[in-house]
Amino acid sequence: MSKDVKPEEIETHKKAFEEMVRRARAGAKPGDLFAADIAVYIRNTIKKEFKGTDRKELRETVLEADTKGVPLRVNYPYPETKELTQIPPTLLLKLPQLPKQVRFRFVGKHLLLVDRENGLIVDYMKNALP
Amino acid sequence: MKRLSALVMTIALLLTCGLVQDVRSQKAVAVSKNEPLKVNLPIKKDSVKFAIIGDTGSGTDKQQQIADMMVRYKETFPFEFVLMMGDNLYGGDSAKDYQKKFESVYKPLLDAKLKFYATLGNHDEANQRLYEHFNMNGDEYYSFKKGNVTFYSLNSNYMDKKQVDWLEKELAKNNTEWKICFFHHPPYSSGKAHGSDTQLREVVEPIFIKNGVNVVFAGHEHFYERLKPQKGIYYFISGAGGKLRSGDVQTTQITAKAFDQDLSFMLIEIVDDQMHFQVISRSGKTVDSGVLTNPRKKMA
């Protein structure tokens, strides 16, 4: 994909890539990437990082974001119309570093892994936010 | 029957209010069309001239009116490029969205070969980095140089270690007179709805201070605010280019000037060690203007 393309090309690329990945990961299920030990580590990190007022603020930011209706389903697209909640930088610096194509995203109290190229939900972890 | 007539009355009232508001805003724009535009900027030959818009991508008439006002001001103040503070496309990133919320709105500026440099907001997909007219060169964070100014566009939505490392490295190796960072979430803000992004501030502010960043522009808040310098850095919020959160600014100790009564955009001119700015509302009224001296130069 070139670095200065037209919107139609972005759209076509995104759809084609989405289909390709969806087919390739047809059997993907929750917990494939957020494996049990990783999930425990992430939960503990969030819990440690956000205490008292900080946690209250994070909860407010995350819960007030327009993410209602985002499906908690692997291999489903994150709806384009929904907000991409900011991950607090102080937390992001403590979470495991991901390849640049994959992103953490909060949806309510749940933590998602989303493919930035095609918007597909790669994995999710329920109630990651205490 | 009573209920029905009450309903009819309510609808009529709402329609009337809507119409009145619409006519008012149109009148305000129409009136200023006949008035000469007042530019409070030096308009020097070799200066760096640019405009700033934020939170634009609504595709509404109001966004269009701001764009029209920018075109009018460009006739007097020939700015060469535009910085976008994020939330470039609300509600979707399809080809139609790009058309409706960006290309058609800023067509005269795009036709004049003006470059837009975008940053990503919390409503923007990362794929916008590939879009030809956002000049991000495929990156979610990037820098570019104009005259004696280096601009750093950051992705405040996802400030991970890679980006932090990149920023530190890029700033440290650069000796440009002006280092200007722009991104979506404001480290300092007097907004009721969002307020200061303290988490972001905790990470980026020490890097800015250490590496001599002079000015920071942000959006996210749908109003204009100029903050009092914080630890030697000038902060501005320009997030009312397409949406307005009227009455959202609670003037605080850090506020130097704020405007939340209409949409607005900024014009900037950097001449040597001085940065001149002018903030203009949708009706063409100047709501703030002034000149700042490069804080590093001031200290030297």
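Colleague: Which residues are linked in a network of salt bridges?

Modeller: A salt bridge is a side-chain nitrogen of Lys or Arg within 4 Å of a carboxyl oxygen of Asp or Glu. In this predicted model, the network of salt bridges links R103(A), R116(A), E117(A), R129(B) and E140(B). Within it, R116(A) pairs with E140(B), their closest N and O atoms lying 2.3 Å apart.

Colleague: How much area do chain B and chain A bury between them?

Modeller: The size of an interface is often given as the accessible area lost when the parts come together. Buried area is taken with a 1.4 Å probe and summed over both parts. Here chain B and chain A bury about 3,200 Å², 50% of it on carbon and sulfur atoms. In chain B, L130(B), Y158(B) and Q199(B) lose the most area to chain A, together 22% of what that side buries.

Colleague: How many residues of each chain are in contact?

Modeller: Contact means heavy atoms within 4.5 Å. By that criterion, 38 residues of chain B touch 37 residues of chain A.

Colleague: Where is I87(A) found, and is this residue buried or exposed?

Modeller: Helices (H or I, at least four residues) and strands (E, at least two) are DSSP runs, numbered from the N terminus. I87(A) sits in the loop between α3 (52-64) and α4 (89-92) of chain A. Relative accessible area, with a 1.4 Å probe and protein chains only, gives the class: buried is under 20%, exposed over 50%, and partly exposed in between. I87(A) counts as buried because its relative accessibility is 1%. Leaving aside neighbours within four places in sequence, I87(A) is in contact with residues including F104(A), N157(B) and Y158(B).

Colleague: What is E125(B) in contact with, beyond its neighbours within four places in sequence?

Modeller: E125(B) contacts K14(A), E80(A), L84(A), D93(B) and L120(B), with those neighbours left aside. The residue belongs to the loop between β3 (115-118) and β4 (142-146) of chain B. E125(B) is buried, since its relative accessible area is 13%.

Colleague: How are salt bridges within a helix read?

Modeller: One compares the spacing in sequence with the turn of the helix. D97(B) and K101(B) are 4 residues apart in helix α3 of chain B, about one turn, and their side chains meet in a salt bridge (2.7 Å, N to O). D97(B) is buried at 12% relative accessible area, as is K101(B) at 8%.

Colleague: Which case does helix α1 of chain A provide?

Modeller: E19(A) and R22(A) are separated by about one helical turn because they stand 3 residues apart in helix α1 (residues 7-24) of chain A. Their salt bridge has its closest N and O atoms 3.7 Å apart. E19(A) is partly exposed at 36% relative accessibility, and R22(A) is partly exposed at 25%.

Note on methods
Residues are numbered from 1 along each chain as its sequence is written. Chains are lettered from A and ligands numbered from 1 in the order in which they are written. This is a predicted model: local features need pLDDT of at least 70, side-chain atom pairs count only at pLDDT 80 or more; totals for chains, interfaces and linings use all residues. Side-chain values use heavy atoms; hydrogens and water are left out. Buried area is the accessible area (1.4 Å probe) that two parts lose on being put together, summed over both.
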